[in-house]
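Dear colleague,

I am handing over the structure below, together with some notes on what was found in it. Please keep in mind while reading that this is a predicted model.

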Amino acid sequence: MVRMATELVLLGPAGAPAPVAGRAGISSALAVDGRVFVVDCGRGTPSGYLGAGLDFARLEAVFITHLHVDHVGDLAGLLLYPWGLRAGPDGSPPPVQVYGPRRPGLHTDVTEVGGVAQRAGVRELILTHYLPAEPDAVSAADWAGRAGQGFAGRTIAGRDGLRRTLPDVADQC
Ligand SMILES: [Zn+2]
């Protein structure tokens, strides 16, 4: 049985098109046994990736949940800025696969998140998308309370740089 160490790093939780001082846009990274997968590419994703200590040469794929600008705004930057840092053995950067929806899609209503997580068997719900443009418009506790409706586990309002080592996949079987 192969065991994989998986770490989640929240690169940024700030949604909505307007920039929010001190917060990076929507993006999370999953590091799985040295391979890195990024989910969404909001404002500042390349800087957040580097700041989290992740290696651009290990970036394998990007998953886009939907096509709102707060999820795709820095996709080109993530692929192009680190050109010199991603050089493979022959000098050219290894390919990065990008996956996303064919249609723009929409956010899930915050009050539906907890029910979805409960049905999926989630143990800890980490919120990765802070919607209000004003940081103080909704407190983290209110945000977690609204999103945690219908969820029996622990709900955490995500913040820039939050890290979690995820349970060993083999332990879930
Ligand atoms: Zn969004």
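**Cores, sheet and one glycine**

The largest nonpolar core comprises 17 residues, and those with the most contacts inside it are Val38, Tyr49, Val62 and Leu78. Two or more residues of this core come from each of strand 1, strand 2, strand 3 (35-39), strand 4 (59-63) and helix 3 (75-80). A second, separate core has 9 residues, among them Leu125, Leu127, Tyr130 and Ala157. To return to Tyr49, its contacts, not counting residues up to four places away in sequence, are Leu11, Val36, Val38, Leu54, Asp55, Phe56, Arg58, Leu59 and Leu78.

As for the sheet, 6 strands form an open arrangement in the order 5-4-3-2-1-8, with mixed pairing. Strand 5 (97-99) and strand 8 (163-166) each have a single partner strand and stand at the edges, so one side of each is left without a neighbour in the sheet. On average, and with direction ignored, neighbouring strands of this sheet are turned by 20° against each other. Strand 1 (residues 6-12) and strand 2 (residues 27-32) run antiparallel and are joined by 6 bridges; Thr6, for instance, has Val32 in strand 2 as its bridge partner.

Finally, there is Gly115, which belongs to helix 4 (residues 113-119). Gly115 counts as buried because its relative accessible area is 14%, which is under the 20% cut-off. Leaving aside neighbours within four places in sequence, Gly115 is in contact with Gln149 and Gly150, while the C-alpha atoms of Gly115 and Phe151, 36 residues apart along the chain, are separated by 5.7 Å.

With best regards

Methods: Residues numbered from 1 in each chain as written. Predicted model: local features only at pLDDT ≥ 70, side-chain atom pairs only at ≥ 80, totals over all residues. Heavy atoms only, no water. Helix = DSSP H or I, 4+ residues; strand = E, 2+ residues; numbered from the N terminus. Buried < 20%, exposed > 50% of the residue type's maximum accessible area, 1.4 Å probe, protein only. Contact = heavy atoms within 4.5 Å. Pairing = 2+ DSSP bridges. Axes fitted to C-alpha atoms, helices over the stretch in contact; angles between N-to-C directions. Core = buried A, V, L, I, M, F, W, Y, C linked by side-chain atoms within 4.5 Å.
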